[in-house]
Amino acid sequence: MKNENTIFSTHDLAVGYRNGSEQVILLEGLNLALERGKLVALLGQNGAGKSTLLRTLTCDAPAMAGQIKVDGKDISSMSQKDRSRLIGLVSTERIQAGALTVTELVGLGRQPHTGFLGRMDEDDRRIVRQAMVDAGIIGKADSYVASLSDGERQKAMIAKALAQETPIIILDEPTAFLDVASRIETMRLLQTLAHDRGKAVLLSSHDISQSLLLADELWLITTDRQVLTGTTQQLVADGAMDSLFNNRDIHFNPNILDYSF
Amino acid sequence: MNHCRYVITVIALTLVLVLLALACLAFGSVDIPVDRIVDILSGKGSGNKAWDIIILQSRIPMIATAALAGAALSISGLLLQTTFNNPLAGPSILGVSSGAGLGVAIVILALGGSLGGLLGENMGSYMAILVGALLGAGAVLVVLIAFSAIVRSNTMLLIIGILVSYLTSSVVQLLNSVATEEGVHNYVAWGFGNFSGVSVAQMPVFAGIIVLALIASALMVKPLNAMLLGSRYARNLGVNVTRSRNVLLLITGVLTAVVTAFCGPIGFIGLAVPHIARLSLGTSNHSRLIPATILAGADIALLCALVSVNNPHGIIPINAITPIIGVPIILYIILNRRRIQYFN
């Protein structure tokens, strides 16, 4: 499963949370690998542990066991600053940045690379501009973040992650609050970033049919707490898609790439 | 365009600062002709000993105290609003001032009649009061950090701050009931809020601590801006969120405690001024917000000082003036929160 393109990998990783003194393990024994230039979609039903897995991968939650490595180096032994140059995050957290311009917001993505006071030089400004071009938000460069639509806001956050110049981008439900057109646009953008920019992109999504169409690879969290990985075609052919939900009446229909009764 | 607006705002706020300082120099409870004031400032003396003393030992220290205290409280408010992600946070509403006040009360009432004047000229006694204020403010900040981890709601945190204020004032009342009359009198006078309480001898300590803490806040621009995106994004941008928050709250505590110890628990400036700065600049970017907040805070406090001492019937307490300026601004913010950029 691993090859020379692998940049991000987990080794017998267990994820979960602590409830007082007791550990609740949601998923364990995970040996996952993320490759450069690939768009990977993480799918699973609510409560399956998608968000916890992503929080663990971005070091927002501690691993319950095992290791996470970037280019063979354990990320738990890295400084926060080093990690911030390897993994860029896009989440759906509420932000207070309405009175920043899009350029200022995307400029925050340069923080891992700037000095103590965060001053940007010509190079930084050029990278910020290019990130806004790549994310298709350059037309709104001088607009307030508060004036953006949900789709535009997501593009601005993706531009922030691009300005961060990390080889890995992790997105927690990036299409959750978007309408259909913005969802497809966002997924297309992420696909382009993976294929043309060589980024390793991992996103979690509720949106099965679009994930299947555009992702190169899927990570499926099944109802019996396994994580199945593979290309879309493989997993569909194996019937793995039916292990995603508990309900016996819902079946995956390969013809429409979605679930039906 | 944004840069232009910033430059114009900073120049305007600086001009207002100079004008208000001059007005505070020229107008007060005693009429002193302007040419004599110029003589006093140039070192020649006015020929009237009392006037010399009023200008050099009363008005100039008051101007410096008001400007520094206003800047300090406003920066406290700004740092609290960003760290707690709460536009209605401020040192007085969150109970930080009351905590400092409780510390002050314990020291003043314990020292009782031994204090001369408001804080006492005695280095030992006002240092004791300063330490009391720092410990009190620090204790409230620790309580707020603990509660902010448990209650996620912004409104609830404000209510906890208000409850803390009630609690500290009830403790102060209990202390009053066993204190000497002079101690109680000193404490009550302190509670009115006053920019005339810092003597020339105390000024280096007061100004030194505030200037250092203001510089420290300006060095925190990078984590402050990252925290606008919330703690998860901030961590992802390489910010050590826990450490940054502790540093920011330490700066806040020091600023609030020093001002509270010397000037009394002054309300509304810390809450309202950051909003004046945001509204006039149209940004949440702290690299611009911090200078504008310092200047606007100094302006508002000088305005309060000017009004306070220019009443023919005696001095008006500062705390009787700040709500008149602060409340309309807060109401404007609350009523327009859908329209104002930084709430969205």
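# Notebook: two chains, A and B

**Entry 1. Chain B, overall.** I began with chain B, where residues 24 or more positions apart account for 79% of the contacts with a separation of 6 or more. I counted two residues as in contact if their C-beta atoms, placed from the backbone, lie within 7 Å. The model is predicted: local features need pLDDT of at least 70, side-chain atom pairs count only at pLDDT 80 or more, and totals for chains, interfaces and linings use all residues. Residues are numbered from 1 along each chain as its sequence is written, while chains are lettered from A and ligands numbered from 1 in the order in which they are written.

I then looked up the secondary structure of chain B and found 14 helices and zero strands. Here helices (H or I, at least four residues) and strands (E, at least two) are DSSP runs, numbered from the N terminus. The C-alpha atoms of chain B fill a box of roughly 65 × 55 × 35 Å along the principal axes. For 344 residues a compact globule would have a radius of gyration near 20 Å, and chain B agrees with its 20 Å. This radius is taken over C-alpha atoms, and the globule rule is 2.2 Å times the number of residues to the power 0.38.

I noted that 51% of the 344 residues of chain B count as buried. A residue is buried if 20 or more other C-beta atoms lie within 10 Å of its own, exposed if 12 or fewer, and partly exposed in between.

**Entry 2. The core.** I asked which residues have the most contacts inside the largest nonpolar core. They are Ala72(B), Val258(B), Ala301(B) and Leu302(B), in a core of 174 residues. Such a core is a set of buried Ala, Val, Leu, Ile, Met, Phe, Trp, Tyr and Cys residues joined through C-beta atoms within 7 Å. Helix H13 (residues 286-309) of chain B gives the largest share of this core, 14 residues. I picked Leu302(B) and left aside its neighbours within four places in sequence; its contacts include Leu17(B), Leu20(B), Ile63(B) and Gly70(B). In soluble globular proteins, nonpolar side chains tend to be buried together.

**Entry 3. One loop residue.** I found Phe268(B) in the loop between helix H11 (241-263) and helix H12 (269-281) of chain B. Is Phe268(B) buried or exposed? Phe268(B) is buried, with 24 other C-beta atoms within 10 Å. Not counting residues up to four places away in sequence, Phe268(B) touches Ser92(B), Thr322(B), Pro323(B), Ile325(B) and Gly326(B). I also checked Phe268(B) against Ile93(B): they are 175 residues apart in sequence and 8.1 Å apart in space, C-alpha to C-alpha.

**Entry 4. Chain A, overall.** In chain A I found eight helices and 13 strands. Its radius of gyration is 19 Å, close to the 18 Å that the globule rule gives for 261 residues, so chain A is as compact as a globular protein of that length. Buried residues make up 43% of the 261 residues. Of the contacts in chain A between residues at least 6 apart in sequence, 67% join residues at least 24 apart.

**Entry 5. A sheet in chain A.** I traced an open sheet of six strands with mixed pairing, in the order E7-E8-E9-E4-E10-E11. Strand E7 (87-90) and strand E11 (227-230) stand at the edges with a single partner strand each, so one side of each has no neighbour in the sheet. Two strands pair if DSSP finds at least two bridges between them.

E7(A) and strand E8 (residues 168-171) of chain A pair in the parallel sense over four bridges, and Leu89(A) stands opposite Ile170(A) in E8(A). E8(A) and E9(A) are also parallel, over four bridges, as are E4(A) and E9(A). In E9(A), Val201(A) has Ile169(A) opposite and also Leu39(A) opposite.

I checked how covered E9(A) is, and five of its five residues are buried. Ala200(A), Leu202(A) and Ser204(A) lie on one side, with Val201(A) and Leu203(A) on the other. In a regular strand the side chains alternate between the two faces of the sheet.

**Entry 6. Where the chains touch.** How many residues does the contact take from each chain? I read 24 residues from chain A and 25 residues from chain B. On the chain A side, helix H2 (80-84) and helix H3 (102-108) each supply at least two residues. H2(A) gives the largest share, three residues.
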